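Here is a short walk through one protein model. Keep the sequence and the 3D view side by side as you read.

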Amino acid sequence: MSEEKTSKPGFFKNLKAEFKKCTWPKKEELAKQSALVIVISVLLGVLIAGFDWAIRLGLQAMNIVS
């Protein structure tokens, strides 16, 4: 049990040291990457909705789904 208490401060020290090693993106780069993620998400949503619509249309043509 004493090991658990002594490992917590070391954990946070190590965590802080690891965060200092990280390279964080600049504001402009972050904005571009965020916009790209949003655009790709919307495009994939439209693509999936299109497939769903086509499958439903096909099933309705075969009178499987009303």
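A residue counts as exposed when its relative accessible area is over 50%, as buried when that area is under 20%, and as partly exposed in between. Trp-24 has a relative accessible area of 60%, so Trp-24 is exposed. Keep in mind that this is a predicted model.

Start with the whole chain. The protein has 66 residues, and buried residues make up 0% of them. Its accessible surface comes to about 6500 Å². Carbon and sulfur atoms account for 69% of that surface. The secondary structure is quickly listed: two helices and zero strands.

Now look at helix α2. This helix runs over residues 27-61, and Leu-36 is found in it. How far apart are the end C-alpha atoms of α2? They are 51 Å apart. The helix has 35 residues, and at 1.5 Å a residue these should span 51 Å, so the two values agree.

Leu-36 also belongs to a nonpolar surface patch. Why might residues spaced along a helix share a side? An α-helix has 3.6 residues a turn, so residues three or four places apart point the same way. Read the numbers of the patch residues again with that spacing in mind.

Next come the aromatic rings. How many aromatic pairs does a search of the whole structure find? The search finds two. Phe-11 and Phe-12 form an edge-to-face pair. Their ring centres are 5.2 Å apart, with 75° between the planes. Phe-11 is partly exposed, at a relative accessible area of 48%. Phe-12, at 52%, is exposed.

Phe-19 and Trp-24 form the other pair, and this one is stacked. Here the centres are 5.9 Å apart, and the angle between the planes is 10°. Planes under 30 degrees apart count as stacked, which is why this pair gets that label. Phe-19 is partly exposed, at 44% relative accessibility.

Finish beyond α2. Just after the helix, Asn-63 takes a positive phi of about 60°. Val-65 lies in the segment that follows α2. Leaving aside residues up to four places away in sequence, Val-65 touches Leu-59 and Gln-60. Is Val-65 buried or partly exposed? At 35% relative accessibility, Val-65 counts as partly exposed.

Methods. Residues numbered from 1 in each chain as written. Predicted model: local features only at pLDDT ≥ 70, side-chain atom pairs only at ≥ 80, totals over all residues. Heavy atoms only, no water. Patch = residues over 30% accessible without salt bridge, like charges linked within 9 Å, V, L, I, M, F, W, Y side chains within 5 Å. Areas by Shrake-Rupley, 256 points an atom, 1.4 Å probe, with all protein chains shown as cover. Salt bridge = Lys/Arg side-chain N within 4 Å of Asp/Glu carboxyl O. Helix = DSSP H or I, 4+ residues; strand = E, 2+ residues; numbered from the N terminus. Phe/Tyr/Trp six-rings, centres within 6.5 Å; stacked < 30°, edge-to-face > 60°. Buried < 20%, exposed > 50% of the residue type's maximum accessible area, 1.4 Å probe, protein only. Contact = heavy atoms within 4.5 Å. Expected span 1.5 Å × (residues − 1).
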